[in-house]
Amino acid sequence: QVHLVESGGGLVQAGGSLRLSCAVSGRIFSINAMGWYRQAPGKQRELVAGISRGGSTNYADSVKGRFTISRDGAKNTVYLQMNSLKPEDTALYYCNADLVVSSIPIGYDYWGRGTQVTVSS
């Protein structure tokens, strides 16, 4: 079975930093795009940052200049470095990956269970 396991969440004061990690485990053939989403209470899940297989990145306007997404192909891991955190960044952060899990080159969407980030004012 394939799993995405997030880590690195926690409680931090406004202005602080956290680094989230998401490791893909299990039998996979390749990883296409990866990304981080978040969902705050009472709100819809939203894209925070994405990174393509080739390394192209995109960010939500609300986090541009503060968050950086990166990936390590050798470790099947995606990271989210979050700096200058604000109380409005408080949410459950989910890892997402488009994975090829067989010899048929079709990607399927996989999600982690989420890691909580809480930013106090």
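This is a predicted model: local features need pLDDT of at least 70, side-chain atom pairs count only at pLDDT 80 or more; totals for chains, interfaces and linings use all residues.

**The nonpolar core.** Begin by selecting W36, L80, M82 and Y93: of the 30 residues in the largest nonpolar core, these touch the most other members. Next, colour the strands β3 (18–25), β4 (30–39), β5 (46–51), β7 (67–72), β8 (77–82), β9 (91–100) and β11 (115–120), each of which supplies at least two residues of this core. The largest share, 5 residues, is contributed by β9.

**Around Y93.** Keep Y93 selected and display its contacts. Leaving aside residues up to four places away in sequence, Y93 touches, among others, E6, L20, Y37, R38, V48 and F67. Its contacts also include W36, L80 and M82, as well as G114, T115 and V117.

**The disulfide.** Now select C22 and C95, whose sulfur atoms lie 2.1 Å apart and form a disulfide. The model has 1 disulfide in total. C22 belongs to strand β3 and C95 to strand β9, so the pair ties together parts that are 73 residues apart in sequence. Are these two cysteines buried or exposed? Both C22 and C95 are buried. The torsion about their S-S bond is about -80°, so the disulfide is left-handed.

**The largest pocket.** Finally, select R38, K43, E46, E88 and D89, which lie nearest the centre of the largest pocket among its 13 lining residues. The pocket holds about 160 Å³ of space. Its lining comprises 7 charged, 4 polar and 2 nonpolar residues.

Conventions: Residues are numbered from 1 along each chain as its sequence is written. Side-chain values use heavy atoms; hydrogens and water are left out. A nonpolar core is a set of buried Ala, Val, Leu, Ile, Met, Phe, Trp, Tyr and Cys residues joined through side-chain atoms within 4.5 Å. Buried means under 20% relative accessible area, exposed over 50%, partly exposed in between (1.4 Å probe, protein chains only). Helices (H or I, at least four residues) and strands (E, at least two) are DSSP runs, numbered from the N terminus. Contact means heavy atoms within 4.5 Å. A disulfide is a pair of cysteine sulfur atoms within 2.5 Å. On a 1 Å grid over the protein atoms alone, a cavity is a set of points where a 1.4 Å probe fits but cannot get out, and a pocket is an open set with protein on both sides within 12 Å along at least five of seven lines; lining residues have an atom within 4 Å of a point. Grid points are joined across faces, edges and corners, and a volume is the space filled by probe spheres set on the points. Ala, Val, Leu, Ile, Met, Phe, Trp, Tyr, Cys and Pro count as nonpolar, Asp, Glu, Lys and Arg as charged, and the others, Gly among them, as polar.
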